[in-house]
Amino acid sequence: PCTRPHTLRVNQETHIIEVEPDTPLLYVLRNDLELNGPKFGCGLGECGACTVLVDGVAARSCVVPVSLVENRQITTLEGLAQDGQPNDVQQAFIDCQAAQCGYCLNGMVMTVQALLERHPQATEEEIRDELRYNLCRCGTHVEIMQAAVLVAK
Ligand code: FES
């Protein structure tokens, strides 16, 4: 196997990780850096459970090769917290009890975070549109939308 060192900036920390260049970013985050916010759902870029921010843009880390994101700013769910406290988006999801099983929530939170970073007063319709490819099998979309709308105002 052709491994080589990769420089990754994750949640404001720099890590040198020795892996094959086509290793999915998700595997490095979870297995090497023990950041378990991003989840493995489909592994095909379709469900959104693995979403992280790359330079502020939502990205599905299960289909992003680690070599593509060297020296970019990667933020995971863990990196949103400020001084150990949930940020506004995370707190809104808690306040609205948006989780049932919770597996999809990483993707929901990170996708809403990315949207609100570029468009802080997004409308309900814009939020709904942004979340249309994030899957929740429990069906808690109502609470998820309530949380997102709450923080967008
Ligand atoms: Fe990455 Fe489903 S696990 S999109």
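Start by selecting Glu 34, which sits in the loop between α1 (25–32) and β3 (51–54). Helices here are DSSP runs of H or I of at least four residues, strands are E runs of at least two, and both are numbered from the N terminus. Before you click further: this is a predicted model, where local features need pLDDT of at least 70 and side-chain atom pairs count only at pLDDT 80 or more, while totals for chains, interfaces and linings use all residues. Residues are numbered from 1 along each chain as its sequence is written, and side-chain values use heavy atoms, with hydrogens and water left out.

Check the backbone of Glu 34: phi is positive, about 55°, although the residue is not a glycine. Glu 34 counts as exposed because its relative accessibility is 62%; the cut-offs are over 50% for exposed, under 20% for buried and in between for partly exposed, using a 1.4 Å probe on protein chains only.

Next, jump to Asp 55, in the loop between β3 and β4 (57–60). Asp 55 is another non-glycine residue with a positive phi, near 50°. With 43% relative accessibility, Asp 55 counts as partly exposed.

Now colour by domain: the assignment gives domain 1 (4–76) and domain 2 (88–152), with bounds that come from an automatic or database domain assignment. Their contact takes 18 residues from domain 1 and eleven from domain 2, where contact means heavy atoms within 4.5 Å. The C-alpha centres of the two domains are 21 Å apart.

Of its 14 lining residues, select the ones closest to the centre: Tyr 103, Cys 104, Leu 135, Cys 136 and Arg 137. A pocket is an open set of points on a 1 Å grid over the protein atoms alone, where a 1.4 Å probe fits, with protein on both sides within 12 Å along at least five of seven lines; lining residues have an atom within 4 Å of a point.

Last stop: helix α6, residues 141–152. Which residues of α6 are buried? Select Ile 144, Met 145, Ala 147, Ala 148, Val 149, Val 151 and Ala 152. These buried residues pack against α3 (88–95), α4 (105–118) and α5 (124–130).

Methods: Expected span 1.5 Å × (residues − 1).
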